[in-house]
Number of protein chains: 2
Amino acid sequence: MASVATGLVNPWAVAFLPEGRFLVTERPGRMRVIEANGQLGPALAGLPSIAAGGQGGLLDVVTDADFARNRRIFFCYSEPGAAGTSDNSTAVARATLAPDNRSLQDVKVIFSQKPKVASNLHFGCRIVQAPDGNLFLALGERYHRKDDAQKLDNHHGKIVRITADGAAPADNPFRERAGALPEIWSYGHRNAQGATLAPDGKLWMHEHGPQGGDEINLPQPGRNYGWPVITYGENYGGGKVGEGTAKAGMEQPLHYWVPSIAPSGMAFLTSDRYGAAWRGSLFVGSLKFGKLHRLEVAGGKVQREEKLLPNNNERIRDVRQGPDGFLYLVTDSPQGRLLRLAPAS
Amino acid sequence: MASVATGLVNPWAVAFLPEGRFLVTERPGRMRVIEANGQLGPALAGLPSIAAGGQGGLLDVVTDADFARNRRIFFCYSEPGAAGTSDNSTAVARATLAPDNRSLQDVKVIFSQKPKVASNLHFGCRIVQAPDGNLFLALGERYHRKDDAQKLDNHHGKIVRITADGAAPADNPFRERAGALPEIWSYGHRNAQGATLAPDGKLWMHEHGPQGGDEINLPQPGRNYGWPVITYGENYGGGKVGEGTAKAGMEQPLHYWVPSIAPSGMAFLTSDRYGAAWRGSLFVGSLKFGKLHRLEVAGGKVQREEKLLPNNNERIRDVRQGPDGFLYLVTDSPQGRLLRLAPAS
């Protein structure tokens with residue numbers, strides 16, 4: 001593992017810019033460009049007001065597929081609610097990275113999770129841009145509001161799908177249903193901190209279970225992924241959650257972890273940088289154990305799972321494949337790092 | 001000691017707002033309002049681009065004397081230089097805190113320390129507003145540029161004095177001297193992280209010495225405070241700095257510390273909150289030993305020095321008296337706190 005940059009405060013996500021640069025978020029509310037040589041750029045001006053605290057702060061960031069031309073990015077964060085309250089929710093903003101990499105311009109909040117609640121837990125969130133330009137957002141159920149995940153009148157515990165302007169696309173599954181929020185793509189999720197497109201263009205995501213029961217799901221439009229009615233986990237400290245592990249009308253995960261690994265970050269490796277055997281593998285970071293999980297998936301099932309980085313004990317917050325084909329990780333600590341996974345020699 | 005707020009990331013300064021609220025800077029580049037009950041507000045929108053790293057970041061903040069009417073604040077930070085370089089210097093910005101305490105408006109950089117250099121050390125800085133509305137700024141010598149502290153063609157190792165618009169007041173001492181920067185008030189300073197007005201309106205400041213030799217000075221216009229020609233300290237690891245401890249034309253400190261305490265933050269206590277014996281004492285925080293120093297000063301000398309908080313080992317970054325007469329401290333760590341010093345019971 002090679003350290004690309006150090007001195008990051010709880011970095012949450014890494015995106016890739018032209019010429020070998022990186023764009024990194026730090027949870028306390030800082031975004032900056034890292035030079036190809038690892039030099040940290042200044043904190044970018046132009047961020048919106050951020051309700052940083054607990055699990056909240058500045059979270060995911062992705063570049064637009066056409067970034068080289070439009071310099072557009074999307075990022076999510078915990079957005080404060082009305083002044084004088086502790087309310088907040090996850091929001092997504094669109095912005096243009098200034099040519100000098102010093103500020104965000106034309107910052108526009110395109111989506112705010114509803115409702116805002118007083119909690120600093122379970123914000124999600126990951127942003128995935130689909131080939132058609134629409135965005136998938138994985139949103140947490142805010143912990144205290146887990147029953148909301150089964151209801152369609154809110155954005156808690158949902159995958160939502162929006163256009164780059166924040167509108168609900170015409171073919172979203174609940175767009176015509178009275179009482180349902182039109183942005184919802186799938187529901188019954190808990191707290192997702194990993195999402196990516198598979199090489200075939202399908203959306204994959206994972207979500208934290210309660211105690212045990214972290215899941216990988218492939219969210220299909222309109223489907224119910226079961227939280228908190230079905231789960232392979234239990235309450236913290238023990239005790240059953242919901243009705244069991246399966247129920248008609250609710251989807252089973254492709255994979256689950258008991259005990260929990262606290263997954264964060266997710267990427268398919270499509271390059272040959274690590275040899276042919278790893279190409280096509282799914283990589284998932286673990287906050288809890290500081291391991292990088294490599295999963296071989298075939299026939300709709302995980303055929304093999306391997307834990308990498310046996311000596312690492314830093315919390316892994318994000319995992320992505322760079323345009324150079326290498327895997328990049330960020331580690332979640334007050335002295336966080338951006339790492340490049342070195343191929344076995 | 002009572003903890004007013006926790007969960008601050010390397011807080012650097014605390015200022016006081018109406019209705020018991022606080023305004024706090026965090027070095028990584030975050031400013032926020034803390035409610036009277038200790039609840040942390042969101043990260044304020046509107047900060048400029050900040051070269052955070054090493055000792056740099058978002059540093060001091062003060063409210064205007066007329067804040068209740070104009071909601072104006074002044075803050076200093078490490079300002080990035082030209083894109084593609086590591087250059088930076090300390091800058092001061094003026095801004096208006098929005099009525100909802102969520103953002104800074106009308107942000108204007110009124111002063112940038114010259115020249116910018118590639119270093120992440122010795123930025124200073126503290127801001128003191130004098131009764132006439134002018135601002136004193138204590139500026140570091142950027143460590144690698146210590147000889148600059150003796151030259152008047154730069155702002156390294158200087159106290160500068162500017163108007164609220166950043167102009168050099170007409171009565172600044174070097175305004176008419178060719179080749180001298182007109183903002184300079186005094187020179188020959190090293191790295192100041194504490195400055196305040198005494199009850200009689202005089203400017204007091206302290207500065208870090210090298211190894212040993214931290215000083216308290218009362219900067220008079222046009223005077224030379226000796227760094228790096230005279231000092232009571234020595235080079236890190238040993239070895240003489242400069243010519244000795246005294247020289248004609250250079251001022252002696254009011255007080256010095258050998259070994260160093262790494263002072264940060266400075267306030268005179270004018271209230272009776274801690275009994276009559278402490279009223280009028282000068283309080284100085286120590287980064288190195290986590291102690292709060294109480295100094296009794298009379299006849300231009302420190303008559304007595306007492307170290308408080310024997311059991312504290314958190315680095316003390318700022319010390320101020322609040323409008324309620326209590327002393328407030330912030331502690332410098334990734335889990336920093338805002339503390340109120342409790343009177344002895």
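With which residue does R30(A) form a salt bridge? Select R30(A) in this predicted model and display its side chain: the partner is E26(A), and the closest N and O atoms of the two are 2.7 Å apart. Both R30(A) and E26(A) are buried.

**Chain A as a whole**

Next, show chain A as a cartoon. Its secondary structure amounts to 24 strands and 1 helix. The radius of gyration is 19 Å, close to the 20 Å that the globule rule gives for 345 residues, so chain A is as compact as a globular protein of that length. The C-alpha trace spans about 50 × 45 × 40 Å along its principal axes. Of the 345 residues, 60% count as buried. Among contacts between residues at least 6 apart in sequence, 55% join residues at least 24 apart.

**T331 in chain A**

Now select T331(A), located in strand β23 (residues 327-331) of chain A. Is this residue buried or exposed? T331(A) counts as buried because its relative accessibility is 0%, which falls under the 20% limit. Its side chain makes a polar contact of 3.0 Å with the side chain of E314(A).

**T331 in chain B**

Move to chain B and select T331(B), which belongs to strand β24 (residues 327-331) of that chain. At 1% relative accessibility, T331(B) counts as buried. Its side chain is joined to that of E314(B) by a polar contact of 3.0 Å. A polar atom of the T331(B) side chain also lies 2.9 Å from the backbone nitrogen of R337(B). Beyond four places in sequence, the residues in contact with T331(B) are P11(B), E314(B), R315(B), R317(B), G336(B), R337(B) and L339(B).

**Salt bridges**

Over all chains, the whole structure holds 48 salt bridges. In chain B, select D60(B) and R320(B), whose closest N and O atoms are 2.5 Å apart in a salt bridge. This pair links distant parts of the chain: D60(B) sits in strand β6 (residues 58-63) and R320(B) in strand β23 (residues 316-321), 260 residues apart. Both D60(B) and R320(B) are buried.

Then select R294(B) and E296(B), whose side chains meet in a salt bridge of 2.8 Å, N to O. R294(B) is buried, with a relative accessible area of 3%, whereas E296(B) is partly exposed at 25%. Returning to chain A, select R27(A), R315(A), R317(A) and D332(A): salt bridges that share partners join these residues into one network.

**Where the chains meet**

Finally, display both chains and select the contact between them. How many residues does each chain contribute? The contact takes 26 residues from chain A and 26 residues from chain B. About 1700 Å² is buried between the chains, and carbon and sulfur atoms give 47% of that area. Highlight P28(B), S49(B) and R102(B), which supply 25% of the area that chain B buries against chain A, more than any other three residues.

Between the two chains there are 0 salt bridges, while 14 residue pairs are in polar contact across the interface, both residues being at pLDDT 80 or more. On the side of chain B that touches chain A, strands β4 (30-34) and β5 (40-43) each supply at least two residues. Coloured by type, the residues of this side divide into 14 nonpolar, 8 polar and 4 charged.

Methods: Residues numbered from 1 in each chain as written. Chains lettered and ligands numbered in written order. Predicted model: local features only at pLDDT ≥ 70, side-chain atom pairs only at ≥ 80, totals over all residues. Heavy atoms only, no water. Helix = DSSP H or I, 4+ residues; strand = E, 2+ residues; numbered from the N terminus. Buried < 20%, exposed > 50% of the residue type's maximum accessible area, 1.4 Å probe, protein only. Polar contact = N/O pair within 3.5 Å; in protein donor to acceptor, adjacent residues only side chain to side chain. Contact = heavy atoms within 4.5 Å. Buried area = accessible area lost by both parts, 1.4 Å probe. Salt bridge = Lys/Arg side-chain N within 4 Å of Asp/Glu carboxyl O. Nonpolar A, V, L, I, M, F, W, Y, C, P; charged D, E, K, R; others polar. Rg over C-alpha atoms; globule rule 2.2 N^0.38 Å.
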